[in-house]
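Please read it alongside the sequence and the structure.

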Amino acid sequence: AVGGIDFFKGTWDEALAKAKKENKMLFLDAYASWCGPCKKMKRNVFTDTAVAAFFNNNFVNVAADMEKGEGVMIADKYGIDSYPTLIFINGDGMQLGRESGYQDPEELIELAKTVLDNKK
């Protein structure tokens, strides 16, 4: 979406490598195609200008369907069983923060700031 979070198009390993190279964390939107709150976040939250600016600046962003392709491996690795699950991961694949369920724009930015502050 124009003005929305810019989600990385590529493999999981490429996304991790990019995060490592840019010294950024990776933000993972772990969703399922049938999940209502996931669709709502995609529509209302990831398109929010404040959210988009903050996430595009600070993270390598990845959205993955946990029931397809590489998503199955990712869900297994991070023990994801509810959607949406929003995870912050470093370039080495270590989870640094996570939250499950719908977050509105303010909550999502707050969550991201907390994770970034903890990293310092």
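In which strand does asparagine 61 lie? In this predicted model, asparagine 61 belongs to strand 2, residues 59–65. Asparagine 61 has a relative accessible area of 2%, under the 20% limit, and is therefore buried. Its side chain makes a polar contact of 3.5 Å with the side chain of asparagine 56. Beyond its neighbours within four places in sequence, asparagine 61 is in contact with Ile5, Asp6, Phe7, Phe8, Phe27, Phe55 and Asn56.

Strand 3 comprises residues 85–89; five of the five are buried, so the strand is largely enclosed by the rest of the structure. Thr85, Ile87 and Ile89 point one way from strand 3, while Leu86 and Phe88 point the other way. In a regular strand the side chains alternate between the two faces of the sheet. In strand 3 the residues pointing either way are all buried.

| Pair | Direction | Bridges |
|---|---|---|
| strand 1 (residues 25–31) and strand 3 | antiparallel | five bridges |
| strand 3 and strand 4 (residues 95–100) | antiparallel | five bridges |

Individual bridge partners can be named for each pairing. Threonine 85 in strand 3 is the bridge partner of alanine 30, and arginine 98 in strand 4 is that of isoleucine 87. Strand 3 and strand 4 form a hairpin with five residues between the strands. In this hairpin, glycine 93 takes a positive phi near 85°.

Note on methods:
Residues are numbered from 1 along each chain as its sequence is written. This is a predicted model: local features need pLDDT of at least 70, side-chain atom pairs count only at pLDDT 80 or more; totals for chains, interfaces and linings use all residues. Side-chain values use heavy atoms; hydrogens and water are left out. Buried means under 20% relative accessible area, exposed over 50%, partly exposed in between (1.4 Å probe, protein chains only). Helices (H or I, at least four residues) and strands (E, at least two) are DSSP runs, numbered from the N terminus. Two strands pair if DSSP finds at least two bridges between them. A polar contact is a pair of N or O atoms within 3.5 Å; within protein, one must be able to donate a hydrogen and the other to accept it, and residues adjacent in sequence count only if both atoms are side-chain atoms. Contact means heavy atoms within 4.5 Å.
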